[in-house]
Amino acid sequence: MASSLDIQGVRKCFGKGDKAVEVLKKIDIAVAPGEFLILVGPSGCGKSTLLSIIAGLEEPTEGAIKIAGRNVVGVAPAQRDIAMVFQSYALYPTMSVADNIGFALEMRKVPKPERKKRIDEVAAMLQIEHLLDRRPSQLSGGQRQRVAMGRALARQPQLFLFDEPLSNLDAKLRVEMRAEIKRLHQASGITSVYVTHDQIEAMTLGSRIAVMKGGVLQQLGTPDDIYNRPANTYVATFIGSPTMNLIAGQSMASAQGSTFAIQGADLPLSSAVAHGSQALLGLRPEHIVFNGAAAWRGEVSVVEPTGADTYVVVKTAAGDVTVRTAPQVRVSPGERVGLEIQAAHVNWFDQQSGVRLG
Amino acid sequence: MTAKFSIGRFVLMATLLVGAAFFLAPLYVMVVTSLKDAEETRNGNLLSLPGSLNFSAWGQAWSTACTGVECKGLQPFFWNSVWMAVPAVLISTTWGALNGYVLSLWKFRGSETFFGLLLFGVFMPFQVVLLPMSQVLGWLGLSSSIGGLIFVHCLAGLPSTTLFFRNYYAAVPGELLNAARLDGAGFWQIFLRIIVPMSTPIVMVTLIWQFTQIWNDFLFGVAFSGADSKPITVGLNNLANTSSSVKAYNVDMAAALIAALPTVAVYVLAGRYFVRGLTAGAVKG
């Protein structure tokens, strides 16, 4: 049932002549059958356009979209055997929930008893049997979401597309529905492409993440790759909250080998660049600890307790640094602290281009 | 503060009452005159109430008053109007819905320009097309018939009905259409299964608007009708202008009220749907 998806050399331009805007610049992604691919990026990066192209609602200017090896560019959306869940759910307002779920089957002239059976199956899977006779306007946001997913599931498609389906839900419901979507994917095994601007959804749901910016694919990799080995400063600061600390400095030779000289301190780190060159040091907040004996010193400016962790913003000569500590560690604003770096987790980036080094 | 407030209020209410009185006075005179007999209309005061409720004028207006050569009252004209208005309203509303659907949800190259041109029809004075339309009706073999009147009213109503529906459908979210396309629904299925069921408010608006326009129309009625296809507006005009010796004002008033009754009835029964429909949104959530 699950099929592969190949996005090959897809480009999309809107407008003509000198008013042409290149929204997607040569995207290449290969999705294995059963994978859950996330397209993540800020507004305007082209992720929704790419999803529309996969769905067939838009045509690419160049490139091919292959579903199970067959190029579907030019094929009508309904013929591609895909189902989509929209951000606003797009439920048919004048039809009951049961009719909404069964609409696609009705369009394919599936006989009524078979349709009813499938609708009941899907409703049971999503626990919405008690809602089958209601209209969409009588449902809550979470219920509408489930109906939208039910409508997509009833089709038993080769490919599932999600267009920011959780954006309209409140925080608590979003967490519940996220787990629901993951559970459904594990149960059905259908290849899925999921668009979101929320990096937490990206990390928790995806088997692989494609980070996009300005129509260009910044990095394609597993959540672990993206988080621990970001390809450039954009990916590094986009994924992970609070964002990764980026500190500019220069690699220097020293008695011990190398140090990295930043404003106000010489860090005992060997960077990936030659001695004398500039580089950007990337440090995640959880990879810095407070150590009174450390060389790098600063003053605590803001303390943000979240319950599970505490984020501490420390003003140093090299800029503001965010540190994540356990809630038991007590610091207060104005206190002078020392910052120790866990050398195993540092990232190096080129200062000009932001590209990862080493 | 209290004194100023109530004087302002008093002046406001007084102005409104006087305005209302001016506006309603003709209606009052019409109703009152239609209920008097011939004697009373000559002797009595314009504004006086009738001595007794006398419906003879109404009976005369309906079946025996003279309209030109014939003296059959308004009855035949009333039915001509019905035969003209009902099909014209239904056809122009359906056609407008289809146009609005295409122009707002299936935009094609030049659709905005096309809509702009169509919009001219809303503002164009219909006198402009009288002569060419006569020719066209002649070619089509529809001149001097109710069919011809229906044809003309459909065409004349097209710009406004298209406008109503297009603006209403413009609020339908694009995602809804995309979902339907993905589900395999085509042009007609989307229209009939999804769009039409959610169009009730604007259909009410269009039906009411078109009925009022078509029933009350005089220009096309007098220009394009033949001897036995004149609508009630023309019949009323003929009735009021035909007098033997003495002008029977009570019959004239009754006839005018009969001609106005259907549109007033539509307003009374369905008027609130008109306002509701104009302010309704297409889809919520």
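Biologist: What should I know about the model and the numbering?
Modeller: It is a predicted model, where local features need pLDDT of at least 70, side-chain atom pairs count only at pLDDT 80 or more, and totals for chains, interfaces and linings use all residues. Residues are numbered from 1 along each chain as its sequence is written, while chains are lettered from A and ligands numbered from 1 in the order in which they are written.

Biologist: Okay, how many helices and strands does chain B have?
Modeller: Chain B has 13 helices and zero strands. Helices (H or I, at least four residues) and strands (E, at least two) are DSSP runs, numbered from the N terminus.

Biologist: And what is the radius of gyration of chain B?
Modeller: Chain B has 24 Å, whereas a compact globule of 285 residues would be near 19 Å. That radius is taken over C-alpha atoms, and the globule rule is 2.2 Å times the number of residues to the power 0.38. The C-alpha atoms fill a box of roughly 75 × 70 × 30 Å along the principal axes.

Biologist: What share of chain B is buried?
Modeller: 34% of its 285 residues. Buried means 20 or more other C-beta atoms within 10 Å of the residue's own, with C-beta atoms placed from the backbone.

Biologist: Which residues of helix H8 in chain B are buried?
Modeller: In H8 (residues 174–182) they are B:Leu176, B:Asn178, B:Ala179, B:Ala180 and B:Leu182. Their cover includes helix H1 (47–55) and E6 of chain A, together with helix H9 (187–195) of chain B. Just after H8(B), B:Gly184 has a positive phi of about 100°.

Biologist: Switching to the contact, how many residues does each chain give?
Modeller: 17 residues come from chain A and 17 residues from chain B; two residues are in contact if their C-beta atoms, placed from the backbone, lie within 7 Å. On the chain A side, strand E6 (82–85) and helix H2 (97–107) each supply at least two residues.

Biologist: Which way do E3 and E9 pair, parallel or antiparallel?
Modeller: Strand E3 (residues 36–40) and strand E9 (residues 208–213) of chain A pair in the parallel sense, over four bridges. A:Val40 has A:Val211 in E9(A) as its bridge partner.

Methods. Buried ≥ 20, exposed ≤ 12 C-beta atoms within 10 Å, placed from the backbone. Pairing = 2+ DSSP bridges.
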